[in-house]
There are 2 protein chains.
Amino acid sequence: MALDNHTADPLVSSADVNGTTVYGKDGNQVGEIDHLMIDKQSGKVSYAVMSFGGFLGLGEDHYSVPWGKLNYDTSKGGFVTDITQEQLTGAPERPNDWYNNRDWEKRTHDYYAAPYYWI
Amino acid sequence: MALDNHTADPLVSSADVNGTTVYGKDGNQVGEIDHLMIDKQSGKVSYAVMSFGGFLGLGEDHYSVPWGKLNYDTSKGGFVTDITQEQLTGAPERPNDWYNNRDWEKRTHDYYAAPYYWI
């Protein structure tokens, strides 16, 4: 879904972002945001946990994508990413403690060439 | 409530932060987070929209507090703020379009001496 009737607003509620559509570079819908992960200390969004159901047959699995890989497109009312299926399926496997595992975090950010959110 | 059983984790899900307790400097519970407002472009949390029910008789009103006024305390599993009742009741009144009103945002951040999140 799009972000309700506030798509042009610069701020979005944490209660509304879940379910927001994510588009690929070609403009097609590739998935949606399940929830965001927020770094408590800095208040920066660190990951979008996305479901890619329907994205080239990837099923309903969730993937943690560095926030820097998403750009908000006000004209679409959703986020755009340049992540490809190849990138997604080749990304470092997510351990159970991924949200508290700096080694996995580093490898994942390096993999996507995304800036570390913790610096 | 505290942040479930993940209070020591550095990251928190946007789905879990709502309802997190906020403590005053004296350690007493002063309210809780209703939801966060996130700047879509930068991915930074801009405001905590808090309810201060029970905080010195302020009722159940919601207040938008600049994120910089909150600090996460891992030992408490919640956020701590040094905002006082006097500050809260004297803050610039929140217009309906507060989340898209840079004039109100500037006055509010200046009032709380909080750094602008948009710079």
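This is a predicted model: local features need pLDDT of at least 70, side-chain atom pairs count only at pLDDT 80 or more; totals for chains, interfaces and linings use all residues.
Local features need pLDDT of at least 70, side-chain atom pairs count only at pLDDT 80 or more, and totals for chains, interfaces and linings use all residues. Residues are numbered from 1 along each chain as its sequence is written, chains are lettered from A in the order in which they are written, and side-chain values use heavy atoms, with hydrogens and water left out.

Chain A can be laid on chain B by a turn of 180° and a shift of 0.0 Å along the axis, with an RMSD of 0.0 Å. Superposition was by least squares on the C-alpha atoms of residues with pLDDT of at least 70 in both copies. The two copies are thus related as by a two-fold rotation axis. In chain A, the C-alpha of A:Lys44 is nearest the axis, 2.3 Å from it.

The contact (heavy atoms within 4.5 Å) takes 34 residues from chain A and 34 residues from chain B. Of the interface residues of chain A, 100% are also interface residues in chain B, so the copies meet through the same surface. Together the chains bury about 2900 Å². Buried area is the accessible area (1.4 Å probe) that two parts lose on being put together, summed over both. Carbon and sulfur atoms carry 57% of it. In chain A, the residues that lose the most area to chain B are A:Leu11, A:Ile38 and A:Lys40, together 30% of what that side buries.

Polar contacts cross the interface in 12 residue pairs, both residues at pLDDT 80 or more. The rule asks for a pair of N or O atoms within 3.5 Å; within protein, one must be able to donate a hydrogen and the other to accept it, and residues adjacent in sequence count only if both atoms are side-chain atoms. Salt bridges (a side-chain nitrogen of Lys or Arg within 4 Å of a carboxyl oxygen of Asp or Glu) number zero between chain A and chain B.

Strands are DSSP runs (E, at least two residues), numbered from the N terminus. On the side of chain A that touches chain B, β1 (11–13), β3 (29–39) and β4 (45–51) of chain A each supply at least two residues. The largest share, five residues, comes from β3(A). Strand pairing also links the chains. β1(A) pairs with strand β3 (residues 29–39) of chain B in the antiparallel sense, over three bridges; pairing requires at least two DSSP bridges. A:Ser13 has B:Met37 in β3(B) as its bridge partner.

Definitions and conventions:
Helices (H or I, at least four residues) and strands (E, at least two) are DSSP runs, numbered from the N terminus.
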